[in-house]
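Notebook entries follow, kept in the order of looking things up. The structure comes first.

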Amino acid sequence: MRNNKLLRAIYTLAVYLWAAPISLLGLALGILSLPGGCKLSVNEGVLECAGGRILSGLLSALGRNMQIQAITLGHVVLARNHETMHALRFHERIHVKQYERWGLLFLPLYFGSSMLALMVGKDPYFDNHFEKAAFEGAAKHADSQINS
Ligand SMILES: [Zn+2]
């Protein structure tokens, strides 16, 4: 029993460290957004940054051709507002798990998946492997909430 707790703690530390380079980028963007009214909170081990005009501007600048409502960077989720954070929380949690699995490799794999989708005439966002997994996982989660 005690070994299980220790192993769990080591695993948790390892996945936070593995995703840390990207989480630090998310943290920096969250801190930069504070003067614009962004609110920070920790929810289930994930730093959530929501709201404010600076964060909204950052998400618009990142999106260019698409309206990014929220983005996950390691263990940090940035969202335009609190309603969006609430609505997309489970989808973004799946991206957190993806960062825990792939660490720094996640970003090139994510963009590679978008490029592959584009090359075969598909949508770089909705046909991205990681987005499809997040949408499917969030839909299953929503179904389980309705059926419980
Ligand atoms: Zn997503």
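Where does Gly52 lie? I found Gly52 in the loop between strand 2 (46–50) and helix 2 (53–63). I note here that the model is predicted. Gly52 counts as partly exposed, because its relative accessibility is 25%. I then checked Gly52 against Ala79: the two are 27 residues apart in sequence, and their C-alpha atoms are 9.4 Å apart in space.

Entry on Arg80. I placed Arg80 in the loop between strand 4 (76–79) and helix 3 (82–102). Arg80 is buried and has no salt bridge. I looked for the nearest side chain of opposite charge and got Glu92, 11 Å away. A salt bridge needs a side-chain nitrogen of Lys or Arg within 4 Å of a carboxyl oxygen of Asp or Glu. What does the side chain of Arg80 reach at 2.8 Å? I traced that distance to the backbone oxygen of Ile68. The side chain of Arg80 also makes a polar contact of 3.2 Å with the side chain of Ser60.

Entry on salt bridges. Side chains of opposite charge can pair when their charged atoms come close. How many salt bridges does the count come to? I recorded 4 salt bridges. Arg89 and Glu48 meet through their side chains in one of them, at 2.8 Å from N to O. This pair links distant parts of the chain, with Arg89 in helix 3 and Glu48 in strand 2, 41 residues apart. Is Glu48 buried or exposed? I list Glu48 as buried because its relative accessible area is 3%. Arg89, at 23% relative accessibility, counts as partly exposed.

I then looked at Arg93, whose side chain meets that of Glu48 in a salt bridge of 3.0 Å, N to O. Arg93 is in helix 3 and Glu48 in strand 2, so this pair ties together parts 45 residues apart in sequence. I noted that both Arg93 and Glu48 are buried. Which residues are linked in a network of salt bridges? I wrote down Glu44, Glu48, Arg89 and Arg93.

I also looked up Glu100 and Lys97, whose side chains meet in a salt bridge of 3.5 Å, N to O. Glu100 and Lys97 are separated by about one helical turn, because they are 3 residues apart in helix 3. Glu100 is buried, with a relative accessible area of 12%, whereas Lys97 is exposed at 55%.

Entry on the surface. I found a nonpolar patch formed by Leu24, Leu27, Ile31, Leu34 and Leu40, with about 410 Å² of accessible area together. Which helix gives the most to the nonpolar patch? Helix 1 (residues 2–33) does, with 3 residues. Leu24 lies in helix 1, and I count Leu24 as exposed because its relative accessibility is 54%.

Entry on the record. I took the annotation "transmembrane region" from an unreviewed UniProt entry, where it covers residues 12–34 and 99–120. I compared both spans with the model. Residues 12–34 are 96% helix and 0% strand, and the end C-alpha atoms of that span are 28 Å apart. Residues 99–120 are 82% helix and 0% strand, with end C-alpha atoms 26 Å apart.

Conventions:
Residues numbered from 1 in each chain as written. Predicted model: local features only at pLDDT ≥ 70, side-chain atom pairs only at ≥ 80, totals over all residues. Heavy atoms only, no water. UniProt positions renumbered as here; feature names shortened; annotations may be inferred. Helix = DSSP H or I, 4+ residues; strand = E, 2+ residues; numbered from the N terminus. Patch = residues over 30% accessible without salt bridge, like charges linked within 9 Å, V, L, I, M, F, W, Y side chains within 5 Å. Areas by Shrake-Rupley, 256 points an atom, 1.4 Å probe, with all protein chains shown as cover. Buried < 20%, exposed > 50% of the residue type's maximum accessible area, 1.4 Å probe, protein only. Lys, Arg positive; Asp, Glu negative; His and termini not counted. Polar contact = N/O pair within 3.5 Å; in protein donor to acceptor, adjacent residues only side chain to side chain.
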